[in-house]
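The following account leads the reader through a model of two chains, from overall dimensions to individual residues. Please keep the sequence and the coordinates at hand while reading.

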Amino acid sequence: MANFRIAVHITPRKGLLDPQGNAVKGALQTLGFQSVKEAHVGRYIILEIDAYDAIAAEETVTDMCRKLLANPVTEDFEIESAVHA
Amino acid sequence: MKFGIVTFPGSNCDYDAYHAITEVLGEEAIYLWHKDHDLQSSDVIILPGGFSYGDYLRAGAIARFSPIMQEVIAHAKAGGPVLAICNGFQIACEAGLLPGALMRNSHLQFVSDAVRMRVENTDTMFTNLYERGEVLRIPVAHGDGRFVASEETLDQLEGDGRVVFRYADATGKITPQANPNGSERNIAGIVNDAGNVLGLMPHPERACSPLLGSSDGVRLLESILTKVAA
């Protein structure tokens, strides 16, 4: 067993109304950042877990995302490659 | 009839529900602690409003894994009535008892107001004492009340008559202005496929006395009595 660090990005599902993202986009544009076309606000979760190898660690975290960390109706998730903690 | 009201850390409408059941309805009510494993022979379960577990991660996401929820899910699967109000609705969706999800209000503001909702289906154990098309005045208080689901799910809910309440204006018209949170198709409340789980964002338990501005919620609770006792 080894200790791995994995980060997960959770974002609002594309196509669904994202009022937080829109508010951030509007604020940036008001500040003069007219080049902003899209903004989305999500969550970034950092986990440290015990696993035999990086692949097993990533599989476990994928399972965590499906069961709790992301809402399957409204959110998408992406996990970063596991690194030794 | 015995109502079991679940108290999670952060629930804040459990007493409102208790008051409505015991004082207005004159029935028995008990509190069920989230760590308990026993529904204590409750006939009807109420998942009350509040901010269970501080709404951490997502509203309702953590409460769903409470020990008591495993019993509530079993009760619901066996056909037992569950009334899921506000945070309770969010928990019921997270637990898979109801389809869809509740997201941040489209205008990003917390909304605390009396809204109107139209009764869409009176053929449920929660609405059999209302008239179809009747407009009720019921309070809401939430930041994450925008009901969303896939287009297929929404079509299916509508086709099956499972959209029970819809936000409407005083004349019963379904308008964007009457929608307090941006919910898809103005949906305020839905039932599950079997019809024994109702989830809604408005608070019928807080609309049980003319002194508080409305008693339109009373018949929802009485409907359960007539149906479950029958």
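Two residues are said to be in contact if their C-beta atoms, placed from the backbone, lie within 7 Å. By that criterion, 71% of the contacts in chain A between residues at least 6 apart in sequence join residues at least 24 apart. In chain B, residues 24 or more positions apart account for 75% of the contacts with a separation of 6 or more.

The model is predicted: local features need pLDDT of at least 70 and side-chain atom pairs count only at pLDDT 80 or more, while totals for chains, interfaces and linings use all residues. Residues are numbered from 1 along each chain as its sequence is written, and chains are lettered from A and ligands numbered from 1 in the order in which they are written.

Chain B contains 5 helices and 11 strands, where helices (H or I, at least four residues) and strands (E, at least two) are DSSP runs numbered from the N terminus. The radius of gyration of chain B, taken over C-alpha atoms, is 16 Å, close to the 17 Å that the globule rule (2.2 Å times the number of residues to the power 0.38) gives for 230 residues, so chain B is as compact as a globular protein of that length. Along the principal axes, its C-alpha atoms fill a box of roughly 45 × 35 × 35 Å. Of the 230 residues of chain B, 53% count as buried; a residue is buried if 20 or more other C-beta atoms lie within 10 Å of its own, exposed if 12 or fewer, and partly exposed in between.

The largest nonpolar core has 69 residues. Such a core is a set of buried Ala, Val, Leu, Ile, Met, Phe, Trp, Tyr and Cys residues joined through C-beta atoms within 7 Å. Those with the most contacts inside it are L47(B), V82(B), A84(B), F89(B), A92(B) and V197(B). Apart from this core lies another, of 11 residues, among them V8(A), V61(A), F77(A) and I79(A).

Chain A has 2 helices and 4 strands, which run β-α-β-α-β-β from the N terminus on. A compact globule of 85 residues would have a radius of gyration near 12 Å, but chain A has 16 Å. Its C-alpha atoms fill a box of roughly 50 × 25 × 15 Å along the principal axes, and 18% of its 85 residues count as buried.

Which residues are buried in helix 2 of chain A? They are A57(A), V61(A) and L69(A). Seen down the axis of helix 2 of chain A, these buried residues fall within an arc of 30 degrees (that of the directions from the helix axis to the C-beta atoms), so they line one face of the helix. They pack against strand 1 (2-12), strand 2 (43-51) and strand 3 (75-79) of chain A. The face turned away from the buried side of helix 2 carries the exposed residues I55(A), D63(A), R66(A) and K67(A).

Where the chains meet, 11 residues of chain B are in contact with 9 residues of chain A. On the side of chain B, the touching residues divide into 6 nonpolar, 3 polar and 2 charged; Ala, Val, Leu, Ile, Met, Phe, Trp, Tyr, Cys and Pro count as nonpolar, Asp, Glu, Lys and Arg as charged, and the others, Gly among them, as polar. P19(A), in helix 1 (residues 19-30) of chain A, touches R104(B), S106(B) and L108(B), not counting residues up to four places away in sequence.
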